[in-house]
Amino acid sequence: MLPKENPSAVVRVSGLEKSYGPVKALRGIAFEVPAGSVLGFLGPNGAGKTTAIKIMTGYLAADAGKVEICGLDVAKQPLEVKRRFGYLPENNPLYLDMRVSDFLQFTAKAFSLSGTKAKAAIERAVIQTGLQSVYRRGIGQCSKGFRQRVGLAQALLHDPELLILDEPTNGLDPLQVVEMRHLIRELGKPKPSSLRVMCCLK
């Protein structure tokens, strides 16, 4: 008998499989993530954590299985799914020659935000991630910790229902790790108007 589906699940993964040649990265994994929760993927290097995240976000196709984000099939409705989540990949892709402010404005345009909506979204993300002190600074002049916060801010700009972070504390010093974990806990707190879920890899 199959387990009963959780109607409040924001993420549903079932029978997920992926191979790289003879190497089996995922062997039929299945799980659900209910709304308002913080989920951590834990495991050794090579366990398939990043592979699972890449399939969930539509950046990699699965060999078998199904992933649903907010009730939408990732394989069949990729563009609509991408509008529902924010993503901070393992290697935070930033334009180091841009200022933080310019990068966030550029990202807002990519999310089709403009005018007062873009301004409000940027202000909210900057406050959420504590970027006020470096907002006018070049990204290349920011510390690793602040660069991670910039990457997190861009993932939050469109107020996603789901937030997916791949090794958000990677490369940070011990103090920055503590600060980032505190920030993640704050962002993961329930909000009446949001279904936001945190998926963090370590």
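Strand 1 (residues 9-20) and strand 4 (residues 64-69) run antiparallel and are joined by 5 bridges. Across this pairing, Ser14 stands opposite Lys66 in strand 4. Strands here are DSSP runs of E with at least two residues, helices are runs of H or I with at least four, and both are numbered from the N terminus; two strands pair if DSSP finds at least two bridges between them. The model you are looking at is predicted: local features need pLDDT of at least 70, side-chain atom pairs count only at pLDDT 80 or more, and totals for chains, interfaces and linings use all residues. Residues are numbered from 1 along each chain as its sequence is written, and side-chain values use heavy atoms, with hydrogens and water left out.

Step back from that pair and you find an open sheet of 4 strands in the order 2-1-4-5, with antiparallel pairing. Its edges are strand 2 (23-34) and strand 5 (72-73), each of which pairs on one side only.

Now follow the chain into helix 1 (residues 49-56). This helix is largely enclosed by the rest of the structure, because 7 of its 8 residues are buried, meaning under 20% relative accessible area with a 1.4 Å probe and protein chains only (exposed is over 50%, partly exposed in between). The buried residues are Lys49, Thr50, Thr51, Ala52, Ile53, Ile55 and Met56. Just after helix 1, Gly58 takes a positive phi of about 80°.

Finally, look into the largest pocket, which holds about 460 Å³ of space. A pocket is an open set of points on a 1 Å grid over the protein atoms alone, where a 1.4 Å probe fits, with protein on both sides within 12 Å along at least five of seven lines; lining residues have an atom within 4 Å of a point. Of the 18 lining residues, Tyr59, Tyr87, Thr107, Phe111 and Gln154 lie nearest the centre. Strand 6 (85-88), helix 3 (100-110) and helix 5 (144-156) each supply at least two lining residues, and helix 3 gives the most, with 4.

Technical notes
Points joined across faces, edges and corners; volume = space filled by probe spheres on them.
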